[in-house]
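Please look over the sequence and the model below before reading on.

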Amino acid sequence: MSGVIAARHVLIGDAALIALVPATSIGAGALPLHTPLPAISLESVTRLDRQVLGNFDFVHVAEHVQVTVLAETYDDQVAVQSAIRSAIRNGRFPTVAGLDKVTVHNPTTGPDFMNAEATIYMGTQDLRVTFSEPR
C-alpha cells in the first residue's frame with residue numbers, strides 16, 4: 001500500500017495533471033460512487049519485500065501499482081494518461097513521509113476498456129514503485 005501512497009503523492013504534486021483531474025478525484029482503491037470524471041484510481045497489484053542481509057531497520061520494497069483512468073470520453077482518457085506519464089517522468093524521486101529512497105517508474109501502459117452501461121472510458125498505466133521502509 002505504501003507504493004500507492006507514493007504514486008498518489010507524485011500525481012497530486014503535478015500541476016498539469018491536477019489541471020485535468022482534481023486531487024479529490026485521485027484515490028486509492030475503488031473510488032466513491034458519483035466521483036466526478038475524469039478520475040484516477042490507484043491499486044497495488046504486487047509487492048516484493050527484498051530482505052537485506054544483516055540486521056537493518058529497513059526493508060527494500062518493489063511494488064507494482066496500477067493506475068486506472070476513468071473518463072467521459074476517450075480523448076479525455078488519453079489526455080489524462082499522457083499527463084500521468086509526464087507527471088511520473090517529472091517526479092521520479094519524490095520525498096514521501098515514512099519512506100526512504102523512493103523511485104517511481106512508468107514501465108508500461110495497459111489496455112483500454114469501457115464500461116458501456118455507465119459510458120465510462122478507462123485505461124491503465126502500470127507503475128513500478130521502489131522504496132525502503134522501516135521493518
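## Terms and basis

Contact means that heavy atoms lie within 4.5 Å. With that in mind, and leaving out residues up to four places away in sequence, Thr124 touches Gln66, Val67, Thr68, Gln81, Thr109, Gly110, Pro111 and Phe113.

This is a predicted model, in which local features need a pLDDT of at least 70 and side-chain atom pairs count only at pLDDT 80 or more, while totals for chains, interfaces and linings use all residues. Residues are numbered from 1 along each chain as its sequence is written, and side-chain values use heavy atoms, with hydrogens and water left out.

## Confidence

The pLDDT, which is the predictor's confidence in each residue on a scale from 0 to 100, averages 92 over the chain, and 99% of the residues score at least 70. Helices (H or I, at least four residues) and strands (E, at least two) are DSSP runs numbered from the N terminus.

## Thr124 and Gln81

Thr124 belongs to strand 5 (residues 120-134), whereas Gln81 belongs to helix 3 (residues 74-90). Buried means under 20% relative accessible area, exposed over 50%, and partly exposed in between, with a 1.4 Å probe and protein chains only. Thr124 counts as buried because its relative accessibility is 3%, and Gln81 is likewise buried because its relative accessible area is 4%.

Apart from residues up to four places away in sequence, Gln81 touches Val69, Thr109, Asp112, Gly123 and Thr124. The side chains of Gln81 and Gln77 are joined by a polar contact of 2.8 Å; such a contact is a pair of N or O atoms within 3.5 Å, where within protein one must be able to donate a hydrogen and the other to accept it, and residues adjacent in sequence count only if both atoms are side-chain atoms.

## Pro38 and its loop

Pro38 sits in the loop between strand 1 (26-28) and strand 2 (39-50), and a cis peptide bond, with omega of about 5 degrees, joins Leu37 and Pro38. Is Pro38 buried or exposed? Pro38 counts as buried because its relative accessibility is 17%.

Although Pro38 and Leu70 are 32 residues apart in sequence, their C-alpha atoms are 5.5 Å apart in space. Setting aside neighbours within four places in sequence, Pro38 is in contact with Leu20, Val21, Ser25, Leu70, Ala71 and Val80.

## Two positive phi angles

His34 also lies in the loop between strand 1 and strand 2, and has a positive phi of about 70 degrees although it is not a glycine. His34 counts as exposed because its relative accessibility is 72%. Lys101, found in strand 4, is not a glycine either, yet has a positive phi of about 55 degrees; Lys101 counts as exposed because its relative accessibility is 55%.
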